[in-house]
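Hi there,

Here is the structure I promised to pass on. Have a look at it first, and then read my notes below.

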Number of protein chains: 2
Amino acid sequence: MTTKYHVAIAGATGAVGTEFLRLLEERPFPLASLKLLASARSVGKRICFRGEELPVEELTSGSFEGVDIAFFSAGGGRSKAFAPAATEAGAVVIDNSSAFRMDPAVPLVVPEVNPDDVLWHRGILANPNCSTILLLMALAPLHRLAPVRRVVVSTSQAASGAGASAMRELEEQAAAWLSGDPIVKEVFPHQIAFNLFSHNTAIDATGYNEEERKMVHETRKILHEPDLLVTATCIRVPVLRAHSESVNIEFAGDRPPLDAIRDALAGFPGVRVVDDRENNLFPMPLDASGRDEILVGRIRDDLSHPQAVDLFLAGDQILKGAALNGFQIAEILIERNAVKRQAA
Amino acid sequence: MTTKYHVAIAGATGAVGTEFLRLLEERPFPLASLKLLASARSVGKRICFRGEELPVEELTSGSFEGVDIAFFSAGGGRSKAFAPAATEAGAVVIDNSSAFRMDPAVPLVVPEVNPDDVLWHRGILANPNCSTILLLMALAPLHRLAPVRRVVVSTSQAASGAGASAMRELEEQAAAWLSGDPIVKEVFPHQIAFNLFSHNTAIDATGYNEEERKMVHETRKILHEPDLLVTATCIRVPVLRAHSESVNIEFAGDRPPLDAIRDALAGFPGVRVVDDRENNLFPMPLDASGRDEILVGRIRDDLSHPQAVDLFLAGDQILKGAALNGFQIAEILIERNAVKRQAA
C-alpha cells in the first residue's frame with residue numbers, strides 16, 4: 001500500500017499557495033489530508049479543493065500536529081517563527097522564503113539540478129529564489145556539458161515576485177495611467193506600470209541588492225561550486241507573472257559548439273528551447289506564463305568572447321519559480337523515501 | 001552678423017520630428033527659415049511653430065532648394081531616396097536612420113563623444129542608433145579614464161523606438177488587456193503590453209539581430225576602436241519612451257576605483273548620476289522621459305571580475321536617443337563653421 005501524507009500549506013491564500021493547491025489537485029500525489037494555514041485575517045475563508053470546501057486556519061505553533069509535509073510560503077518572518085514548530089512536530093518543511101536558504105544545514109534544491117541534496121535534510125529544505133531557479137534550469141545542463149566559469153545575468157522580473165497584491169497594483173496603475181488618474185503606489189516604492197526599476201531589496205556594502213546576492217550565492221550552493229563567478233543586475237518590469245533573464249555564460253575551457261549547447265538545453269527536463277530565428281520567435285514572459293517549462297532561446301555565439309554564449313530565458317515566477325519547484329521537492333522526497341528526516 | 005540657416009525637417013510629423021521642432025523652439029538657434037516635409041498623406045496638415053502655422057509639404061527630390069541643414073527622420077528608405085538630392089542642392093543632411101551610419105564616408109556622431117568627426121563630413125552626417133547613443137554616453141567617459149576592453153549590455157527598449165504608432169499600440173493593448181478585449185497587434189509582431197520580447201529586427205547568421213549589430217559596430221565607429229569587444233541583447237519592453245540598459249564594462253588593464261568612475265560619469269556633459277543606494281533610487285525610464293540627460297546609476301564592483309564594473313542607465317529614446325543628438329550635431333556644425341561640406 002502506498003504511504004499517504006498529511007500536508008499543510010502555510011500561506012495558502014497567497015499567489016504561490018494558490019498554485020500549490022492547484023498542483024496538488026492536478027498531479028498524482030499520495031495525499032492523506034490537507035490543512036490550509038494563513039494569517040489571522042484570512043481565518044474564516046474557505047477554499048475549494050477537489051470538490052470540498054476547506055477552511056483556512058490560523059498559522060500557529062500548534063498547527064503542525066500530525067503533519068508530514070509543510071509547505072511554507074508566507075514570508076521569511078513566518079518561516080523563521082513557525083518552521084521550527086513544524087519540524088518539532090515531525091513535519092518536513094519545504095520553505096519558499098529566503099529564511100533558511102543559505103543555512104549550511106538546509107538543502108537548497110532544484111530537483112532537476114541537485115535532487116540528491118534532498119537526502120541530507122534535517123527537517124527543512126529550502127526552495128531557491130525564483131530568479132535563481134530559472135537561471136539554474138539553463139545553467140545546470142551547460143555546466144554538466146563543460147564547466148562554467150562566469151555568468152553575467154540581467155533579469156526582467158515580473159510583479160508576481162512581490163505577491164498577488166503587486167500584480168493588482170501593476171494593473172491598477174496601468175488603468176489609472178490610461179485614464180489620467182493619479183498613480184497609487186502601495187506595494188512598490190516606484191511606479192511599475194509603463195516603467196521599470198532596480199529591484200527594491202536592500203543594497204549592502206558590495207553595491208548588490210538582496211535579489212542579486214541571492215542569485216550569486218544560491219547558484220553556487222545549488223551547483224556545489226563555491227567559486228563560480230556570478231554578477232547579476234535585477235530589474236523589476238511591468239509584466240505580471242513570468243520573469244525573463246538575459247544571460248552571458250563563459251566556460252572555463254573551450255566552449256562547446258552551439259549545437260551541443262542547444263541539445264543539452266533541449267534534453268534537460270523542464271526546459272523548452274524556443275529559438276526560431278526566421279520568425280523572430282523567442283522566449284517571452286507572456287508565453288511562459290502558466291507553463292511548467294522554462295523557455296530558452298537566443299542561443300548564440302558571444303561575438304565578444306570565444307568561450308562564452310549568450311541566451312535569453314523566460315519562466316513562470318509562481319510555477320517553476322516557486323510553487324512547482326517546491327512541489328517537485330515534495331515529490332522527490334516521497335520518491336526517495338526521504339520525507340522523514342535523517343538521523344543527525 | 002550671425003549667419004542664419006535655412007532648415008528642413010523630413011519626417012516632421014513623426015515622434016522624432018516633433019521633438020526636433022520643440023528643440024528648435026526652445027534652444028537658441030540661428031534660424032532663417034523652416035520647411036516641414038513629410039509623406040504625401042501628411043500634406044495639408046499645419047504645425048504650429050513659434051506662433052506661426054507652417055504647412056507640411058511633400059518630401060520630394062525638389063524639396064531642398066535653398067536649404068542649408070536637412071534633418072531626416074522618415075525611415076531609412078526615404079533617407080536613401082532623398083538625402084542625395086538634399087546634398088546635391090547644397091544642404092548638409094543629419095540623418096536619423098541607419099541608412100548611412102556604417103558608410104566610411106559618413107561621420108557617425110555623438111557630440112559629447114566624438115565632436116571632431118563632424119569636420120570631415122561630405123554632406124551627410126549620421127545620428128547613431130538610440131541604444132548606441134545611450135550606451136556611449138556612459139561608456140565614453142570611462143573609456144577616456146582607462147581603456148575599455150569588453151562590454152556586455154542588455155537593453156530594455158521603449159515602444160517609442162518603433163515610432164509614435166507603437167507607443168499608441170502599447171497603450172491600446174494595455175487598455176484592451178485590462179478590459180478583457182482582444183489584443184490588436186499592428187506595429188509589433190508580439191503583444192507588448194504586460195510582455196517583453198527580443199527586438200524584432202532581422203537576425204543574421206551570427207545570431208544577432210540588427211539592433212544588436214548596430215550596438216556592436218556603431219560603438220566601435222564612434223569610439224574609433226575597431227577592436228572593442230561588445231555583446232548586446234536587445235529587448236523590447238512595455239515602457240513608452242525611454243530605454244534602459246544593464247551594462248557590464250571590462251577594462252583592458254587595472255580598473256579605475258569606483259570613485260573615479262563615478263566622478264568621470266558625473267563630470268561628463270549630458271550625464272546625471274542617480275545612484276542613491278540608501279533610498280533605492282536609481283535610473284528609471286519614467287524619470288528619464290522628457291529629459292535631455294542620460295541617468296546612470298547602480299555603479300558597483302562586478303564581484304565576478306576584478307577589472308569590470310556594473311552599471312544601469314536610462315535615457316529618453318526620442319530626445320538624446322534621436323532628436324536631441326541630431327540637433328546637437330547641427331549646433332556643433334554651426335559652432336565649428338562646418339555646415340558647408342569640406343572639399344573632397
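Let me start with a pair of helices in chain B. Helix H3 (residues 130-145) of chain B packs against helix H5 (residues 210-223) of chain B at an angle of about 40°, and their axes are 10 Å apart. Helices here are DSSP runs of H or I with at least four residues, strands are runs of E with at least two, and both are numbered from the N terminus. The axes are lines fitted to C-alpha atoms, for helices over the stretch in contact, and the angles run from 0 to 180 degrees between N-to-C directions. That angle makes H3(B) oblique to H5(B); under 35 degrees counts as roughly parallel, over 145 as roughly antiparallel, 65 to 115 as roughly perpendicular, and the rest as oblique.

Before going further, a word on the model and its numbering. This is a predicted model, in which local features need pLDDT of at least 70 and side-chain atom pairs count only at pLDDT 80 or more, while totals for chains, interfaces and linings use all residues. Residues are numbered from 1 along each chain as its sequence is written, and chains are lettered from A and ligands numbered from 1 in the order in which they are written.

Back to the helices: H3(B) and H5(B) cross in a right-handed way (clockwise turning of the near helix from the far one by less than a right angle is right-handed, anticlockwise is left-handed). From H3(B), the residues that meet H5(B) include B:Leu135, B:Leu136 and B:His143, and among their partners in H5(B) are B:Met215, B:Glu218 and B:Ile222. Contact means that the C-beta atoms of two residues, placed from the backbone, lie within 7 Å. This contact has six nonpolar, four polar and three charged residues. For these classes, Ala, Val, Leu, Ile, Met, Phe, Trp, Tyr, Cys and Pro are nonpolar, Asp, Glu, Lys and Arg are charged, and the others, Gly among them, are polar.

H3(B) also packs on helix H6 (residues 258-266) of chain B, at about 125° and with the axes 9 Å apart. H3(B) is therefore oblique to H6(B), and their crossing is right-handed. Here B:Ala138, B:Pro141, B:Leu142 and B:Leu145 of H3(B) meet B:Ala260, B:Ile261, B:Ala264 and B:Leu265 of H6(B). The contact of H3(B) with H6(B) consists of eight nonpolar residues, with no polar and no charged ones.

Now for the two chains together. In the interface, 49 residues of chain A are in contact with 49 residues of chain B. E10(A) gives the most to the side of chain A that touches chain B, with five residues. By class, that side of chain A has 24 nonpolar, 17 polar and eight charged residues. The copies meet through the same surface, because 100% of the interface residues of chain A are also interface residues in chain B.

Finally, the domains. Chain A is assigned domain 1 (5-128 + 322-335) and domain 2 (131-317), with bounds that come from an automatic or database domain assignment. Their C-alpha centres lie 25 Å apart. The contact takes 14 residues from domain 1 of chain A and 18 residues from domain 2 of chain A.

Best wishes
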